[in-house]
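Thank you all for coming; I would like to take a few minutes to walk through one model with you.

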Amino acid sequence: MKNTKKTQNKKVKQPKESAQIPAQEELDSQEELQQEDELEIRAIKADFAVQIEEVMAKECSSYECVLCDEHEIGVLWSFLLEDSISGFIGVEDNEEGLGIHTVTTGIHLKDISEMDRNELMHILELNSELINACFTVVHIQEKTDEEPEPVFAEEGESVEYDNEEEENINTKEILLIQCKIPLSAYDPSDFSGIIQNLMIQSDFALNQNQEEEF
């Protein structure tokens with residue numbers, strides 16, 4: 001008799017299908033999510049612009065939208081309170097920093113062009129005593145041959161006028177107090193309360209500073 005051995009059929013392992021999404025599909029998915037986020041942020045900014053202008057129309061002596069984004073949505077406004085107090089409110093993307101959209105509200109306090117460095121440093125040291133606010137300085141250029149108008153400038157930047165006669169340009173350093181709040185947490189109806197809070201804190205801090213000097 002012949003010895004017959006049963007041979008088992010070896011199963012050939014088939015390569016498992018990759019569970020990973022193909023690179024192109026993954027990129028398309030990321031782009032789609034990014035577009036959805038951009039549309040959501042655009043809608044939030046547009047809604048904010050409408051609401052804040054409605055509030056400023058009631059609370060301010062006057063206001064003006066001085067900057068719009070690429071979609072013609074207002075992102076920066078200057079305003080005047082009681083015909084004498086100027087300020088600004090603006091939406092910032094912070095793409096290179098926090099990555100969180102914020103709303104900055106500021107009040108121009110006084111011209112400190114003639115203030116010496118020690119006095120200015122002492123004022124800036126008061127920031128540690130402020131709550132969700134800070135003192136800062138902006139450089140503003142304005143025409144001297146016309147009535148001055150409220151002018152907004154980003155911190156560290158200047159507003160320039162097209163004028164070849166340098167003697168007609170006057171540069172000032174303006175002390176302001178401002179606060180920054182995430183756009184998602186900002187309620188336009190709080191505008192008046194935020195302004196009052198900034199004014200109260202600035203009055204208290206600056207008056208305290210003057211008393212310490214004496």
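I will begin with the strands, move on to the aromatic rings, and finish with the nonpolar core.

Please keep in mind throughout that this is a predicted model.

Let me start with strand 4, which spans residues 102-111 and is mostly covered, since 7 of its 10 residues are buried. Strand 3, residues 85-92, pairs with strand 4 in the antiparallel sense over 6 bridges, and strand 6, residues 169-182, also runs antiparallel to strand 4, joined to it by 9 bridges.

Turning to the rings, a search of the whole structure finds 3 aromatic pairs. Elsewhere in the ring list, Phe-48, Trp-77 and Tyr-186 form one aromatic cluster.

Helix 3 also holds Ile-195, which counts as buried because its relative accessibility is 7%, and the cut-off for buried is under 20%. Leaving aside neighbours within four places in sequence, Ile-195 is in contact with Phe-79, Leu-81, Thr-105 and Ile-107. The C-alpha atoms of Ile-195 and Ile-107 are separated by 7.7 Å, although these residues are 88 apart along the chain.

That brings me to the largest nonpolar core, which has 36 residues, and in which Phe-48, Phe-79, Ile-89, Phe-135, Tyr-186 and Phe-191 touch the most other members. At least two residues of this core come from each of helix 1, strand 2, strand 3, strand 4, helix 2, strand 5, strand 6 and helix 3, and helix 3 gives the largest share, with 6 residues. Apart from this core lies another, of 6 residues, among them Leu-76, Val-138, Ile-140 and Leu-176.

I will close on Phe-191, whose contacts, not counting residues up to four places away in sequence, include Ile-52, Val-55, Met-56, Phe-79, Ile-89 and Tyr-186.

How values were computed:
Residues numbered from 1 in each chain as written. Predicted model: local features only at pLDDT ≥ 70, side-chain atom pairs only at ≥ 80, totals over all residues. Heavy atoms only, no water. Buried < 20%, exposed > 50% of the residue type's maximum accessible area, 1.4 Å probe, protein only. Helix = DSSP H or I, 4+ residues; strand = E, 2+ residues; numbered from the N terminus. Pairing = 2+ DSSP bridges. Phe/Tyr/Trp six-rings, centres within 6.5 Å; stacked < 30°, edge-to-face > 60°. Contact = heavy atoms within 4.5 Å. Core = buried A, V, L, I, M, F, W, Y, C linked by side-chain atoms within 4.5 Å.
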